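Subject: Structure handover

Dear colleague,

I am passing on the structure that we spoke about, and my notes follow directly below it. Please read them with the model open beside you.

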Amino acid sequence: MFYRFGHWLLNALLLVIVNVLLMIHHYPITLIVLVDLIFIACGVLLAYHFGSTRQHTINLIDTLLISLRQGDYALRAVHAKDRQLHSTVEHVNALAQTMQADQRALAEHSDLLKQIIEKIDCALIVFDSQKVAFANSYAERTFLDCYKDDVSGWFQSLQAERKQGKVSVMLSGVEHAFLLEHDSCYIANKPHTLLVLKQLDSILYQQEKDALQRFVRILSHEINNTLAPIGTVARSLTKRLNGDIDIDRFSSGLALINERASYLKSFMGNYASLAKLPPAHKQIVALNEFCAQLQSIYPQLKIESTADLLGFFDTSQIKQVLCHLINNAHEACTPSPEVTLNITVGADKLVFSVTDTGPGFSNLNEAAEAFYTTKADGNGIGLMLSRIIIENHSGQLKLGNNPSGGAKVSFCVERGGD
């Protein structure tokens, strides 16, 4: 507006100067009027052209802004002839380009998120107090008949039956267990509830199936490794029955068969011990007497313990665990490393730590797995049995390496009363 006022003021001043000059030189009045009319006509034409150009540019900007508001980011404005609005048009075009790129990225991310939600093995439902805003295909296949009439009421009934985060749902006449989790979220600035249901019995079934398959593989491997040499020796001895009998060969063959049969019996007995492990019969134990019993079994064992400590645990089971850990430490390398048993007090717990000066664990991740062993004649059952015993004492078996070298295995048991 100021620019237009200044423009017209300058034109008026110029017209006055021209008129004064013409009058000083005594030009005819008609000529002066004619010059004024031409000057005014040119000014009007220039003003009209300037105004129409600017209005056209403003209309372009309006159109582009309306398109952006409606979500159409593909439209662009042409370069403005009005130099003052040229920068504005360029900025609006750049904004449209940025919003178009953001819209494309948002669509790609939304599509990816939708694919992920459809692939996850659980039901996901988003709803408000009136209706379901979103449900993945798992939820629709499994729970549509449950929530289609009243999703809020169904959710409240699940909440009322929830125990330790778990609920039971009848599906096709069969009761299934689900893990229930929920949280709040917003859609279009309106509060919603996000409900996630994960079927537990299918997870447990898969875990049991995997454990059974692994057990069968290990059992099959050990039995085949035992029966193969027995069969070979038996066939060899059978062939020699028709010829001269070599007593030494027969004795060594029968000894091999006996050794393999004894190993298989021991192997199956160890596996059976996992299932037959009795519950822990805890009692007050004097650590001095307990350590003395261990010292009699392992005279070279170094024991570090505070005097007059009392523990509350099953003596035979904890002794079994310690014997297994000490034997493993002695068998870690040749010559046998120095093994130390350290017993310390922590809050209401007693911490048992077995350390050695051997090579330590070369693969801690695998060492923590069930049935894992590095021994040629091992089966990995001893460490697994030890882990189960400690868990039955409300503890946890921890495997690690000492910074100075050697392995360290520790666990906690309850401390006895004073």
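Helix 4 (residues 137–147) lies across strand 1 (123–127), strand 2, strand 3, strand 4 and strand 5, and runs at about 60 degrees to strand 1. Contact here stands for heavy atoms within 4.5 Å, while axes are lines fitted to C-alpha atoms, for helices over the stretch in contact, with angles from 0 to 180 degrees between N-to-C directions. Helices (H or I, at least four residues) and strands (E, at least two) are DSSP runs numbered from the N terminus.

This is a predicted model, in which local features need pLDDT of at least 70 and side-chain atom pairs count only at pLDDT 80 or more, whereas totals for chains, interfaces and linings use all residues. Residues are numbered from 1 along each chain as its sequence is written, and side-chain values use heavy atoms, with hydrogens and water left out.

The five strands form an open sheet in the order 2-1-5-4-3, with antiparallel pairing; two strands pair if DSSP finds at least two bridges between them. Strand 2 (132–135) and strand 3 (166–171) stand at the edges with a single partner strand each, so one side of each has no neighbour in the sheet. From one strand to the next, the twist averages 30 degrees.

Strand 3 and strand 4 are antiparallel and share six bridges, and Ser168 stands opposite Ala177 in strand 4. Their hairpin has two residues between the strands, and Ser172 takes a positive phi near 55 degrees there.

Strand 4 (residues 174–187) is joined to strand 5 (residues 190–199) by 10 bridges, again in the antiparallel sense. His182 has Leu195 in strand 5 as its bridge partner, and Asp183 stands opposite Leu194 in strand 5. In this hairpin, which also has two residues between the strands, Ala188 takes a positive phi near 55 degrees.

Among contacts between residues at least 6 apart in sequence, 59% join residues at least 24 apart.
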